[in-house]
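Open your viewer and get ready to select residues. Each stop tells you what to pick and what is there.

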Amino acid sequence: MDFKIDKMSLEDLISIKDILTTEFDDFWNYEILKSELESTNSYFFVAKNISGEIVGFAGIKIILDEADIMNIVVKKDFRNNGIGALLLDYLISYSKSINLKTITLEVNEINIPAIKLYEKFNFEKLGIRKKYYNNTQDAYIMTKYDNWVENKS
């Protein structure tokens with residue numbers, strides 16, 4: 001399948017509003033995403049299939065010379081098709097293009113597929129946020145520095 005990455009618009013968000021918490025993940029609701037889309041420091045992108053259906057989205061918040069990955073979410077029916085990697089690669093390329101020095105994220109310690117994806121893109125574990133998710137599960141803090149060397153093998 002071919003997918004295209006575009007900047008997320010309010011119209012894109014509205015188009016997935018009714019399926020946001022059921023078809024994607026339930027920790028980002030419409031109001032939070034709308035607020036982030038309206039923020040001058042946040043940048044969100046959508047992955048669309050050839051028919052124009054939104055199959056994933058990802059966002060970063062820029063603080064000084066650092067990007068913080070806020071989320072990478074793929075529609076449940078489209079997972080394991082490389083869309084998460086495509087979105088992550090796009091976020092890295094975008095960050096590089098605007099001369100950011102680091103990209104940081106938090107990932108649930110039990111989300112092994114995501115951790116493996118981040119490691120494939122040379123993110124390093126730097127620390128742990130205790131009980132970050134639902135006040136029960138820890139999060140790994142992972143960072144990629146500005147060497148921008150890709151390792152996607």
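**Stop one: helix H3**

The buried residues of H3 pack against helix H1 (10–16), helix H2 (20–24), strand E2 (42–49), strand E3 (54–63) and strand E4 (66–74). This is a predicted model: local features need pLDDT of at least 70, side-chain atom pairs count only at pLDDT 80 or more, and totals for chains, interfaces and linings use all residues. Residues are numbered from 1 along each chain as its sequence is written, and side-chain values use heavy atoms, with hydrogens and water left out. Helices (H or I, at least four residues) and strands (E, at least two) are DSSP runs, numbered from the N terminus.

Select residues 30–38, which form H3. Which of its residues are buried (under 20% relative accessible area; exposed is over 50%, partly exposed in between; 1.4 Å probe, protein chains only)? They are Tyr-30, Leu-33 and Glu-36. Look down the axis of H3: these buried residues fall within an arc of 130° (from the directions from the helix axis to the C-beta atoms), so they line one face. On the face turned away from the buried side, find the exposed Glu-31 and Glu-38.

**Stop two: Thr-104**

Select Thr-104 in strand E5 (residues 102–108). Thr-104 is buried, at 11% relative accessibility. Leaving out residues up to four places away in sequence, Thr-104 touches (heavy atoms within 4.5 Å) several residues, including Ala-67, Ile-69 and Met-142.

**Stop three: Lys-4**

Now pick Lys-4, in strand E1 (residues 3–7). Is Lys-4 buried or exposed? Lys-4 is exposed, with a relative accessible area of 53%. Beyond its neighbours within four places in sequence, Lys-4 contacts Val-46, Ala-47 and Lys-48.
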